[in-house]
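These are my notebook entries on a structure that I looked up for a reader new to it. I record what I asked of the model and what I found.

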Amino acid sequence: MSALIEIKNVTAGYGSKTVLEDISLQINEGDFMGVIGPNGGGKTTLLKLILGIVKPAAGYVNYNETLIDRRNIGYLPQISQVDNAFPLIVKDIVLSGLMMHKKPYGRMERADKERAEKIIHELGLQGYEKATLSELSGGQVQRVFLGRALVGNPRILLLDEPDNFVDTTFENEFYIKLRELNSRMAILMASHDVGTISSYVKSFACVNRKLHYHPSPEITNEQLSAYDCPIQLVTHGRVPHTVLEKHD
Amino acid sequence: MTDMENTVFQYDFILKGLLGCLFASITAGIAGTYIVSRRLVFLSGGITHASFGGIGIGYYAGFNPVAGAAVFGILSALGIEYLAIRQKLREDSAIGILWALGMATGIIFIFLTPGYAPNLMSFLFGSILTVTPADLISLGILSVVLVTYFSVFYRTILYISFDENYARTYSSSVNIFKYFTTALMALTIVLNIRMAGVVLVLSLLTIPPNIAMLFTRNYASIMRLSVLWAFAGSLLGYVMAWFAGIPAGAAIIFTLVVIWIVARIITSIIIKIKKRVKNEL
């Protein structure tokens, strides 16, 4: 597995406020990494660092240029700030995921539109191409934004707390979809629900100002506290303390 | 008045009205769609009234009041955008203060100006009769600039207004586009004050997109329909004003509101009929 991105001894934040301190992390092809940690611990900042919106104050972020550049990153932000009543149709929202490949005066070609339509179908949103977000359910809205992240065919997919607004009927489908996507791209998923995602991810990054990498999906409360990652480990089923990999 | 003078006067009146309505519709339709979809109506009200300060100072100091209004309008718009980007502002309070400050400044300076300010009423309520060739030319240029800007950078402007934070992930010029678009909005408001007046200009921008949104949800179509509805409404209002001898600005806004009400009733009846047909099937 070759490294796509290497983060080395990076300190970063906003203005004089340091959020991440001296962190190092390597993202490889095929990774499916859960990014966990308390609120305000720096999960979103880590994703923005990888995207290049937050610049390192110290250290460096290195993109393996033969495999990836910043434009090959798909991003699903926390979308609470978006106005659902904005007069923009689903197809145009998905198309906005191609803007990193365009000049500011760029036009969408026929091939771009076909790509968007394909993604819309793949995500089960056919028939809603001309709808605005206000006509969709929460889960459908999320799929539209996932479509925006995927339409550029990224090498890395960054998801910022997607479990926040998934409807329960779509949740399972959503994670199955992610597993399928993982065969084509590396995935980093910020989440506070370690229990749910541990059956899908392959590794964890615990972020609380510092970053600790945990190379397996099994993680215990003891390990979390050793990583200084104070989150409540939500356990599911009959497993009381440790979340183990699913056995078929 | 001789026949010839009368003809020239009428010709001038018709030409001014036609061009004025056309340019006002193009600028107000495009800017209005942007303002309504980004929910900047209150901010635009602030800009409008702040620019009245510039009109007052223009009168007092003896330069073109529209130029004064333009400077005030653009500066206050950029100031609010700057503070909002920096997130150092409770926006609604600041806009309220700016709104009042502009009106107060305008009134103080107009009172300090020796003699009577003949065009004061036209600035408050608009008057196509006082529109000068220079006003028409600047509105015409602004129309060309807006149409060009919005067609060339359509996707960029649209996506920044929809989801600014996402736009920042692929573009480093989000703020430049925001400032530039905001400045154009302020300029549109100020140049249309001659047509509809400080009190009414905001409706010229906001009613047409609201009529358009009854028929479509697609941004580009809303923009085109807004221009068309604004043109239809302003021409109709202008003709009405001519025959009834009432101020054109008020007649235009009144016509637009009536169109909006009628369109609303018609579209809601259509939706009800569609539902009933669907249920019966």
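I began with the contacts in chain A, where two residues are in contact if their C-beta atoms, placed from the backbone, lie within 7 Å. Among those between residues at least 6 apart in sequence, 72% join residues at least 24 apart. I noted that this is a predicted model, in which local features need pLDDT of at least 70 and side-chain atom pairs count only at pLDDT 80 or more, while totals for chains, interfaces and linings use all residues. Residues are numbered from 1 along each chain as its sequence is written, and chains are lettered from A and ligands numbered from 1 in the order in which they are written.

Entry on burial. I found that 42% of the 248 residues of chain A count as buried (20 or more other C-beta atoms within 10 Å of the residue's own, again placed from the backbone).

Entry on the sheet. I counted seven helices and 11 strands in chain A; these are DSSP runs, helices being H or I of at least four residues and strands E of at least two, numbered from the N terminus.

I then looked at one pair of strands. In chain A, β6 (residues 156–160) and β7 (residues 186–190) run parallel and are joined by five bridges. Within this pair, A:Leu159 stands opposite A:Met189 of β7(A).

Entry on chain B. Which residues of chain B are on the side that touches chain A, by class? I found that 22 residues of chain B are in contact with 19 residues of chain A. The side of chain B that touches chain A has 10 nonpolar, seven polar and five charged residues (Ala, Val, Leu, Ile, Met, Phe, Trp, Tyr, Cys and Pro count as nonpolar, Asp, Glu, Lys and Arg as charged, and the others, Gly among them, as polar).

Methods
Pairing = 2+ DSSP bridges. Buried ≥ 20, exposed ≤ 12 C-beta atoms within 10 Å, placed from the backbone.
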